[in-house]
Amino acid sequence: GGAVTDDFWAPGRTGAPPQLDALDAETDLVSVTIGGNDVGFAAVILACAVRPNTAPELHPVIDSVTPSLSRAFDFDSSAGCADVIDRQTPAAMEILDQRLDDVYAEIAERSPDARVVTVGYLAAVPEDDQIIRESPACAPFMAISQEERGKVREFQDNINRVVREAAERNGATVVIPDEPGHSMCSPAETRWVDFTGVETGSVPIHPTSAGHAHVADRVVAALR
């Protein structure tokens, strides 16, 4: 959790070795999910859902997203929801687009015969505002405007767009595992990504066990 593209070349914040160190000329399969932290997904969630609320159940989310803020293009953690999305993320998306080309070039150099599968991100916020209004799990998002909620959805769509386009131009197989009805506003038993993680035993703002299983199924299907 919390990885950025720099972690392909350098140790991660948890001390994990550079991810590219796992590759060699014999490697035949590489799977990649990267980009959300580079463009400040944590900053967006903090500004749009966590900052407007002080409920105790959100404390794990604050503790989870704060470390990655300092690693994501120096986002202004005091900025509001719309400010973060409108003023700070466009430049980050452009840099990510270029950075992903570097990642794929390095993979190709180290493992020229490997098949690369790029996996996008599960939807965090549903398209239907009615679902947000009726879901206790998504109550924090009601503290921002309908327009801002739309910006959050568009922001994640743009992450998947950049990830997809970079993968396709570099010859990778693309898996965007999103399907309606499984956002973090869904009932816990059908939720594929969770906000606080309390009801599903998941890491905040990460896939649930069911979400991981769904992604794995989609990757396996893409490899057939």
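Guide: One term to begin with: contact means heavy atoms within 4.5 Å. The model is predicted, so local features need pLDDT of at least 70 and side-chain atom pairs count only at pLDDT 80 or more, while totals for chains, interfaces and linings use all residues. Residues are numbered from 1 along each chain as its sequence is written, and side-chain values use heavy atoms, with hydrogens and water left out.

Visitor: What do the buried residues of H6 pack against?
Guide: They pack against strands S2 (115–119), S3 (173–175) and S5 (206–207), helices (H or I, at least four residues) and strands (E, at least two) being DSSP runs numbered from the N terminus.

Visitor: And which residues of H6 are buried?
Guide: Gly211, His214, Val215 and Val219 are the buried ones, where buried means under 20% relative accessible area, exposed over 50% and partly exposed in between (1.4 Å probe, protein chains only).

Visitor: What sits on the face turned away from the buried side of H6?
Guide: That face carries Ser209 and Asp217, which are exposed.

Visitor: Switching topic, at what angle do H3 and H5 pack?
Guide: Helix H3 (residues 81–110) and helix H5 (residues 146–169) pack at about 10°, with their axes 9 Å apart; axes are lines fitted to C-alpha atoms, for helices over the stretch in contact, and angles run from 0 to 180 degrees between N-to-C directions.

Visitor: Now the loop: where is isoleucine 205?
Guide: Isoleucine 205 lies in the loop between strand S4 (193–194) and S5, and has a positive phi of about 55° although it is not a glycine.

Visitor: Is isoleucine 205 buried or exposed?
Guide: Isoleucine 205 is buried, at a relative accessible area of 12%.
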